[in-house]
Every structure is written in C-alpha cells, then in structure tokens.
Amino acid sequence: MTRTTRTYTDDPHGSDDRLYFGRDSQMDLAVSWGGRQRSFEIVEFSTEEIIVVGFRVDDLDLCHHEASLDFCDGELLDEVTCRVVFRGFEGAGVARLRVVTDGHERSDLARFAAMLRARIERSQALHRVHVAAACGWV
C-alpha cells in the first residue's frame, strides 16, 4: 500500500506537513464528544488540522474537546494527546477539525508528524524499488 503526500497552497497556516491517508487510514482520533467517547478515522493529517470521516451534525459544537491522535500500522503504535475544535464540513460526514496543542503536546505532535513522514517516504521508496525490480530495471 502506498500513501501519498499532498501539499495545499491555500493553507492559511502555510503548513506543508499534510499527509493524506484516504479511506484505508491507520490513524484515528479518539475524542470525548457530547459526553461520549467517540472514534473517527483520520483521512488527512497535519500538525494544524485533521480531516475525519463519520462525523454527524448532532455532534456539532465549537468547544475544545480532549482528544488523542492514534496511529497503528501493525508495526508501530503511537499516541499523541491534544484538543480538537470543529472547523467545518468538507462533505457528508467529513469534518475538518483544528488541532490545539501547547508546550510538550506541540513537540510530541511535531515528532509524530516527522516520524509519519519518514515512514511514508521509506514505504514509497521501497515501493519504487519493487516496481523497478518487477520491470527489470535493476
């Protein structure tokens, strides 16, 4: 499985750390929302905001919610605590949430993003080697 990285030029934060996971994401958001523990699949991630699927209108409020970003790909399990705030809908059941961190949470999130980017780049490089070998280029 190859994951791709997208960079948006219209990002208001000037961030270029967006990672696109798509519908086969191995990253989840666990959050206490509306008095219930909820879990959403993260389809796009950056240190400033995330996009999740499975979000319902009855979940809508503009408060900060304690959350954790969880990643598990069978080899690595990692968790970063933060807070999230609803920013808007991207489509039916797809919501954009701002990630709110401070102090050690911010450094944990930066480390987490760097680790994910490195894993994705290694995975893409390995995929290119497999394709080259299959095509007889190496």
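Two strands are taken to pair if DSSP finds at least two bridges between them, and strands (E, at least two residues) and helices (H or I, at least four) are DSSP runs, numbered from the N terminus. The structure described here is a predicted model, in which local features need pLDDT of at least 70 and side-chain atom pairs count only at pLDDT 80 or more, while totals for chains, interfaces and linings use all residues. Residues are numbered from 1 along each chain as its sequence is written, and side-chain values use heavy atoms, with hydrogens and water left out.

Strand 7 pairs with two other strands. Strand 6 (residues 77–91) runs antiparallel to strand 7, and 7 bridges join them; glycine 91 has valine 94 of strand 7 as its bridge partner. The hairpin formed by strand 6 and strand 7 has 2 residues between the strands, and in this hairpin glycine 93 adopts a positive phi near 75°. Strand 4 also pairs with strand 7 in the antiparallel sense, over 5 bridges, with arginine 96 of strand 7 as the bridge partner of isoleucine 51. Of the 7 residues of strand 7 (residues 94–100), 5 are buried, so this strand is largely enclosed by the rest of the structure. Here buried means under 20% relative accessible area, exposed over 50%, and partly exposed in between (1.4 Å probe, protein chains only).

The structure holds 7 salt bridges, each defined as a side-chain nitrogen of Lys or Arg within 4 Å of a carboxyl oxygen of Asp or Glu. One of them joins the side chains of arginine 96 and glutamate 49 (2.2 Å, N to O). Because arginine 96 lies in strand 7 and glutamate 49 in strand 4, this pair ties together parts that are 47 residues apart in sequence. Arginine 96 and glutamate 49 are both buried. Arginine 96 also forms a salt bridge with glutamate 90, with 2.9 Å between the closest N and O atoms. Arginine 96 has a relative accessibility of 18%, whereas glutamate 90 is partly exposed at 45%. A network of salt bridges links Glu49, Arg87, Glu90 and Arg96.

A further salt bridge is formed by aspartate 102 and arginine 83, whose closest N and O atoms are 3.6 Å apart. Aspartate 102 lies in the loop between strand 7 and helix 1 (104–134) and arginine 83 in strand 6, so the contact ties together parts 19 residues apart in sequence. Aspartate 102 is partly exposed, with a relative accessible area of 42%, while arginine 83 is buried, at 16%.
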